[in-house]
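Biologist: Could we go through the pockets and the ligand site together? Please begin with the terms.

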Amino acid sequence: MGIQITPSVLNADLSRLADEVARIPSSDWIHVDVMDNHFVPNLTLGLPVFESLAKATDTPLDAHLMIADPDRWAPAYAEAGAGSVTFHAEAAAAPIRLARELRAKGARASMALKPATGIDQYADMLGELDMLLIMTVEPGFGGQKFLDVCLPKIRRARELISAAGLEVWLQVDGGVSLETIERCAEAGADVFVAGSAVFSAEDPDAMVRELKAVASG
Ligand code: DX5
Ligand code: ZN
């Protein structure tokens, strides 16, 4: 599939979501951060807003659910038109069952790991996933500093995916910028979330293209 950039709208003007998304046509996906004030100490948006945004753009939506009880809530995002739905490993009661349900509803199934969650315990279920998200900040807020301590896990995840002969995409999220994206790509990531780097740029769409160029080497 190659390198993909999925800007996060968390730091966009949330009163004008559809307009903000229209400013970044070079994006491969739009990353939508759903937070519930339980799994993370922040509250963003939920299903009604997500559904409206799905109708307002042709760019596929990448839902990142930082919520408790994703087993109960995640399938509705697939039904609402998400191209990809990411739940957190730390929050899911039955991740394999949930991944299968998401795929059955027509979405790509993805699982996220917080910075201190190891990958090895999930090695045998990678084939159930279309994407693995390695968080490179503690989830909850945009604009945080990239955690270099997560780079070995990206490398390890890429090794596990390759060794199993799988096509699982490897996404990184948190502090991704022109300064840090090369390290992530070199470690084996191929899908890059960038929030503040894109929306604080003078020309957000040019930044999307620039990030892609740097990640592509
Ligand atoms: C953080 C979110 C990220 C965030 C990224 O919990 O999951 O998607 O918006 O923002 P930046 O790129 O500013 O770290
Ligand atoms: Zn995110």
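Modeller: On a 1 Å grid over the protein atoms alone, a pocket is an open set of points where a 1.4 Å probe fits, with protein on both sides within 12 Å along at least five of seven lines; lining residues have an atom within 4 Å of a point. Grid points are joined across faces, edges and corners, and a volume is the space filled by probe spheres set on the points. This is a predicted model, in which local features need pLDDT of at least 70 and side-chain atom pairs count only at pLDDT 80 or more, while totals for chains, interfaces and linings use all residues. Residues are numbered from 1 along each chain as its sequence is written, chains are lettered from A and ligands numbered from 1 in the order in which they are written, and side-chain values use heavy atoms, with hydrogens and water left out.

Biologist: What is the volume of the largest pocket?

Modeller: The largest pocket holds about 360 Å³ of space. Its lining has 32 residues, and the closest to the centre are Gly 143, Gln 144, Gly 174, Gly 175 and Val 176.

Biologist: Which elements give two or more residues to that lining?

Modeller: They are β2 (30–35), β3 (61–66), β8 (191–194) and α7 (196–199). Helices (H or I, at least four residues) and strands (E, at least two) are DSSP runs, numbered from the N terminus.

Biologist: Which polar backbone atom lies 2.7 Å from an oxygen atom of ligand 1?

Modeller: That atom belongs to Gly 195. A polar contact here is a pair of N or O atoms within 3.5 Å. From the side chains, a polar atom of Ser 8 is 3.0 Å from a ligand oxygen, and an N or O atom of His 31 is 3.3 Å from one.

Biologist: And the second largest pocket: what is its volume?

Modeller: The second largest pocket has about 170 Å³. Its lining includes Val 34, Met 35, Trp 73 and Tyr 77. α3 (70–79) and β2 each supply at least two lining residues, and α3 gives the most, with three.

Terms used:
Polar contact = N/O pair within 3.5 Å; in protein donor to acceptor, adjacent residues only side chain to side chain.
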